[in-house]
Amino acid sequence: MVKEEVQQLLNQLIQIEHISTTLYLAMSAYLDRKNYTGMARWLRLQSEEERTHMLTLIDYLTGKDGIVKLSDVPQQPSDFGTPLETFKRVLEHEQYVTNAYRQAYDYITQVDPQTTVIVLEFLREQIDEEAQALTIEERLKLANNNPSALLLMDQELGQRQNAGGTA
């Protein structure tokens, strides 16, 4: 069975991914309501990706005979402001997630080398997650609330494919 401290750490990461899933889903619903359907699609797919991360961690923990403890997820807002404000929040959240995985990695390397591998995989993935969020935020700043530019960004983000390559 997995050590108690490792189990607690993995459950904390599961909770973070669970919150990420609901946060991005709430953002998606909000932007869809505002008719930014491409941005909504991007966020919906991001929500699904975070859910996949959560399930990967759950499978890893249960595969080590650990106990998964799913906690309540805080209610998410129903208004996220402008697309720029929404994606600023995405970037801030991804930076928070990166920091959590960084701290987990620093700790886990001392107590469980096998679990270090999975935490490192997620930490590496955060490089791309933050880069995507930063690029979108910077491009929305360039758009400067110009309706034509926002619609182009919306259209571009709507072309995102899920991890399997299909919509």
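**Entry 1: Asp72**

I started with Asp72 and found it in the loop between H2 and H3. The model I am reading is predicted. Asp72 has a relative accessible area of 73%, and the cut-off for exposed is over 50%, so I wrote Asp72 down as exposed. I then looked up how far Asp72 is from Glu156. The two are 84 residues apart in sequence, and their C-alpha atoms are 34 Å apart in space.

**Entry 2: two loop residues with positive phi**

I looked for residues with positive phi other than glycine. Asn35 has a positive phi of about 70° and is not a glycine. I found Asn35 in the loop between helix H1 (4-33) and H2. Its relative accessible area is 58%, and Asn35 is exposed.

I noted Asp65 as well, with a positive phi near 65° in a residue other than glycine. Asp65 lies in the loop between H2 and H3.

**Entry 3: the annotated domain**

I checked the UniProt record, an unreviewed entry, and it places the feature "domain: Ferritin-like diiron" at residues 1-144. Over residues 1-144 I read 81% helix and 0% strand. The C-alpha atoms at the ends of this stretch are 53 Å apart.

**Entry 4: H2 against H4**

How do H2 and H4 run relative to each other? I looked up their axes, which come within 12 Å and cross at roughly 170°. Angles over 145 degrees count as roughly antiparallel, and H2 and H4 are therefore roughly antiparallel to each other. From H2, the contact is made by Met39, Trp42, Gln46, Glu49, Glu50, His53, Thr56, Leu57 and Tyr60. From H4, the residues include Gln114, Thr115, Ile118, Phe122, Glu125 and Glu129. Gln132, Ile136 and Leu140 of H4 also take part.

**Entry 5: the annotated binding site**

I went back to the unreviewed UniProt entry, which places the feature "binding site" at Glu17, Glu50, His53, Glu94 and Gln126. These residues are spread over 110 residues of sequence, yet they cluster in space, with a largest C-alpha distance of 13.4 Å.

I followed two of the annotated residues, His53 and Gln126. His53 lies in helix H2. Is His53 buried or exposed? At 5% relative accessibility, I count His53 as buried. Leaving out residues up to four places away in sequence, His53 touches Glu17, Phe122, Glu125 and Glu129.

Gln126 is in helix H4. Its relative accessible area is 2%, and Gln126 is buried. Not counting residues up to four places away in sequence, I found Gln126 touching Glu94, Val97 and Thr98.

**Entry 6: helix H5**

I turned to helix H5, residues 147-157, and listed its buried residues: Leu150, Met153, Asp154 and Leu157. Seen down the axis of H5, these buried residues fall within an arc of 100°, so they line one face of the helix. An α-helix has 3.6 residues a turn, so residues three or four places apart point the same way. On the face of H5 turned away from the buried side I found the exposed residues Ser148, Leu151, Leu152 and Gln155.

What covers the buried residues of H5? I noted that the cover includes helix H2 (37-63), helix H3 (83-111) and helix H4 (113-143). I also checked the N-terminal end of H5, which is capped by Asn146. A side-chain oxygen of Asn146 lies 2.8 Å from the backbone nitrogen of Ser148.

**Entry 7: Arg160**

Arg160 has 14% relative accessibility, and the cut-off for buried is under 20%, so I counted Arg160 as buried. Which residues is Arg160 in contact with, leaving aside its neighbours within four places in sequence? I found Arg41, Trp42, Leu45, Gln46 and Glu49.

The side chain of Arg160 reaches the backbone oxygen of Trp42 at 3.1 Å. With the side chain of Glu49, the side chain of Arg160 makes a polar contact at 3.0 Å. I also looked up Arg160 and Arg41, which are 119 residues apart in sequence. From C-alpha to C-alpha, Arg160 and Arg41 are 7.7 Å apart in space.

Notes:
Residues are numbered from 1 along each chain as its sequence is written. This is a predicted model: local features need pLDDT of at least 70, side-chain atom pairs count only at pLDDT 80 or more; totals for chains, interfaces and linings use all residues. Side-chain values use heavy atoms; hydrogens and water are left out. Buried means under 20% relative accessible area, exposed over 50%, partly exposed in between (1.4 Å probe, protein chains only). Helices (H or I, at least four residues) and strands (E, at least two) are DSSP runs, numbered from the N terminus. The arc is that of the directions from the helix axis to the C-beta atoms. Contact means heavy atoms within 4.5 Å. A polar contact is a pair of N or O atoms within 3.5 Å; within protein, one must be able to donate a hydrogen and the other to accept it, and residues adjacent in sequence count only if both atoms are side-chain atoms. UniProt positions are given in the numbering used here, feature names are shortened, and annotations may be inferred rather than shown by experiment. Axes are lines fitted to C-alpha atoms, for helices over the stretch in contact, and angles run from 0 to 180 degrees between N-to-C directions. Angles under 35 degrees count as roughly parallel, over 145 as roughly antiparallel, 65 to 115 as roughly perpendicular and the rest as oblique.
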